[in-house]
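Visitor: I would like to learn how to read a ligand site and a helix packing from coordinates. Could we begin with the ligand and then turn to the helices?

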Amino acid sequence: MASFSLHGFPVSRGIAVGRAHLLTPAALDVKHYLVGQTQVEAEVRRLQNAFAVVHQELRTIWEELPADAPAELGAFIDIHILILSDPMLAEEPLDIIRSRHYNAEWALVTQIDELIDQFNEIEDPYLRDRKADIWQVAERVLKVLTGTAQILPAPGDDDEAQARLIVVAHDISPADMLQFRNHAFSGIVTDVGGQNSHTALVARSLDIPAAVGLSNASLLIRQDDWLIIDGTTGVVMVNPSQMMLDEYRDTQAKIQRERKKLSKLKKTPTVTLDGTVVTLLANIELPEDCAAAMEVGANGIGLFRSEFLFMEHSGHASTLPSEEQQFDAYRRAVGAMKGRPVTIRTLDIGADKRLAGFEQSAINPALGLRAIRYCMAEPQLFLTQLRAILRASAFGPVKLLIPMLSHSFEVTQTLAMINQAKAQLIKAGQKFDADLQIGAMIEVPAAALTLPTFIRHLDFLSIGTNDLIQYTLAIDRSDHEVAHLYDPMHPAVLMLLAMTVAAAAKADIPVSICGGMAGDAKLTLLLLGMGFRELSMPAAQLLSVKQEVLGCDLERVTPLVRKILRSDDPAAIKQMISQLADATAVV
Ligand code: PEP
Ligand code: MG
């Protein structure tokens, strides 16, 4: 077995050691989770039942064929019945469920992929084309399965041994990443994607070691190869030597020990050495993430990326979450945070976050009908969401955050829509917090350069550095080919941050950062020295950021940061930022 390493971009820290599990695009289209030992036979029966239903369906179609139907039609159905009964299709997936504990849909597409690969190698074009028939039959079975799918319990302890799979795929959409929430993958490797793509952000919030942008990993890595992901460097080792495995397992244990040490800081108040209080908030994708935020002692939710609720419901307009479903999700988050504020960002769909079933025709989706622009184009959808958020505000502190604002008329139009939603609720006799705070995301350079527009009309600002960097440096954050140019320490980015924090301080309105820079512990001192006192990040990063805050002496750090901001030499800036740590105490 050849041993080699591949270099990509690190996404979330930690080391994963496991066997490769290759996912094809077809496999990504269905739910995949591992079933517990005790559920295996029930899952086998679920697949057998689906086969039986399709068998019956095909028989009925065959029997009801009109007398004058073309003869090929009968032959065609005969072929489908034959395919359905072939052990390669009817038996093999059952073995996959039993041996690998895959759910039925996943086991079926895994086998289909295998069969299609075999068919691709057949010379005879007639036989080669039969793969379309296999797909059609499989799709019928999948339809029955998904129609009758039951939610199985999350994997239990008996899945421990199988929790060592590392997913390898060409690409994984943010919506597909949602599927990985409830099961046991230990790492993720993709060919494409940048460090701050939304796929990467979900991996980070799941706290799974991941590396992206490895170009052709999915072609070079084979099913069941042993892999090590070093989530700090983005390096993936394929079929490593025993010595290397031992070394990385040691590092894994060391990281575990460090995490344990950090967990002691959960209840420690977040105060710098000189007594300045800093607020650390968590970013979430779904209400269930609040548990992790509470677990690390977050002061609240600084960013609830509400679009993930919509992606979870992906499909068609009729399956988008209703006002009641959204209200329920927002209220659950509010309840879970027990009186701590929950900042709900309105729908930020577009760019790399797509709703399945909705065609994206934009030539450049990152510059297209994204976020507030999309909401303005879909006023009913926006009003529905605004009402749901407002209603949740009757149950605890909620703040409303608007993404991707760049024009002042977008601010006034948004405020008018919020007032319209309030009026609708008053008319319907529904309660909400009349003083609900409304904030703007500063993530387009135009917004940072025209701050009075936002400060004048809104209650708070939150800087989305992921997009601010993308739009300032003209680098698509999901494109691995330009990922090396994505630089949070670029003088232009620092300048926009400094301008925003200064303008907010002058106007006495709160400003936070909720983009990736807030969760990067290497940048915490820089941000504190710039004047930021509120940072929002994935829960998994909160305690290492807290450790930096606790060791920070602002009186020493602030003048050094001023010097950094005066420099226009990128190399010197980077060096000075790394030296800031020398001005801190070890906690
Ligand atoms: C950002 O752009 O920094 C941000 C927080 O929003 P998102 O990453 O969801 O685009
Ligand atoms: Mg953004």
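Predicted model: local features only at pLDDT ≥ 70, side-chain atom pairs only at ≥ 80, totals over all residues.

Visitor: How much of the accessible area of ligand 1 does the protein cover?

Guide: Taken on its own, ligand 1 has 290 Å² of accessible area, and the protein covers 100% of it.

Visitor: Which elements give two or more residues to the shell around ligand 1?

Guide: Those elements are helix 10 (198–206), strand 10 (301–305) and helix 21 (465–473), and helix 21 gives the most, with three residues.

Visitor: Which residues come nearest to ligand 1, and how do the residues of the shell divide into nonpolar, polar and charged?

Guide: There are 17 residues around ligand 1, of which R305, R345, G464, N466 and R477 come nearest. By class, the shell around ligand 1 holds eight charged, five polar and four nonpolar residues.

Visitor: Turning to the helices, at what angle do helix 12 and helix 24 pack?

Guide: Helix 12 (residues 242–263) packs against helix 24 (residues 539–550) at an angle of about 65 degrees, and their axes are 10 Å apart. Because angles from 65 to 115 degrees count as roughly perpendicular, helix 12 is described as roughly perpendicular to helix 24.

Visitor: Is the crossing of helix 12 and helix 24 left-handed or right-handed?

Guide: The crossing of these two helices, helix 12 and helix 24, is left-handed.

Key
Residues numbered from 1 in each chain as written. Chains lettered and ligands numbered in written order. Heavy atoms only, no water. Near = heavy atom within 4 Å. Areas by Shrake-Rupley, 256 points an atom, 1.4 Å probe, with all protein chains shown as cover. Helix = DSSP H or I, 4+ residues; strand = E, 2+ residues; numbered from the N terminus. Nonpolar A, V, L, I, M, F, W, Y, C, P; charged D, E, K, R; others polar. Axes fitted to C-alpha atoms, helices over the stretch in contact; angles between N-to-C directions. Parallel < 35°, antiparallel > 145°, perpendicular 65-115°, else oblique. Left-handed = near helix turned anticlockwise from the far one by under 90°.
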